[in-house]
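My notes follow, in the order in which I looked things up.

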Amino acid sequence: MKTRVLGVMACLLLFGGSVYAGYRYEVKAEHEAGNVTPSQAYAMVKKDPQHTFIVDTRSRPEYQLIGHPVGSVNIPKKFWNSNLGEKEYDLVDNSNFENDLLSRFNPKTDKLIFMCRSGKRSCLSCKAAIHAGWDPKQVCNMLGGFEGDKIKNADSIYDGQRKVGGWKNEGLPWTYHIDKKLVYRADLKQ
């Protein structure tokens, strides 16, 4: 019995940070920062809400129309433009992203948890924050993002739908409400 308990504890320590209800989260791009699951991110913000922030790096339409974690700050890493590509509208980099971070947060005191749709833009955002002056230990990528990953099962009626992992699928608090204190600041100047 004791061996079984120790084995389970070892598995939790090794894999617990990247597994949710049997789903294994994956890092979508290399970066120096840490990685946390949505549940871990939520616990971090609750523990230190004055200095730990979820930065939603999705576009403004995604933030508004798909919803976002309660209390998350929207600073898009990329913007939608009007050019239609092969399958979707193109995204262009936010050339002011690092300055946007610095205008809102303090690299010496604030821990940033970056979130996007499923986890790639958030990895790129971690790199940008480190380049802007954050210590890699003060920056995290939220695995799975807001919507999670797509189900890959041609026999499933959910094939291709984002129903695996992510903030929303873990049942964490989210909203459609737009709080002017949390939206992309450049929009308030218009």
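**Entry 1: salt bridges**

I began with lysine 78, which counts as buried at 18% relative accessibility (buried means under 20% relative accessible area, exposed over 50%, partly exposed in between, with a 1.4 Å probe and protein chains only). A reminder to myself: this is a predicted model, in which local features need pLDDT of at least 70 and side-chain atom pairs count only at pLDDT 80 or more, while totals for chains, interfaces and linings use all residues. Residues are numbered from 1 along each chain as its sequence is written, and side-chain values use heavy atoms, with hydrogens and water left out.

Lysine 78 and aspartate 93 meet through their side chains in a salt bridge, 2.9 Å from N to O (a side-chain nitrogen of Lys or Arg within 4 Å of a carboxyl oxygen of Asp or Glu). This pair links distant parts of the chain, 15 residues apart: lysine 78 sits in strand S7 (residues 78-84) and aspartate 93 in strand S8 (residues 89-93). Helices (H or I, at least four residues) and strands (E, at least two) are DSSP runs, numbered from the N terminus.

How many salt bridges are there by this rule? I noted five. In one of them, aspartate 56 pairs with arginine 58, the closest N and O atoms being 2.7 Å apart. Aspartate 56 is buried at a relative accessible area of 0%, and arginine 58 is buried with 0%.

I also found arginine 121 and glutamate 62 joined by a salt bridge (2.9 Å, N to O). Arginine 121 lies in helix H5 (residues 120-132) and glutamate 62 in helix H3 (residues 60-65), 59 residues apart. Both arginine 121 and glutamate 62 are buried.

**Entry 2: helix H4**

Which residues of helix H4 (residues 97-104) are buried? I listed Phe97, Asp100, Leu101 and Arg104. Down the axis of H4 they fall within an arc of 100 degrees, so they line one face of the helix; the arc is that of the directions from the helix axis to the C-beta atoms. Their cover includes strand S4 (52-56), strand S6 (73-74), strand S9 (111-115) and H5.

Key
Contact means heavy atoms within 4.5 Å.
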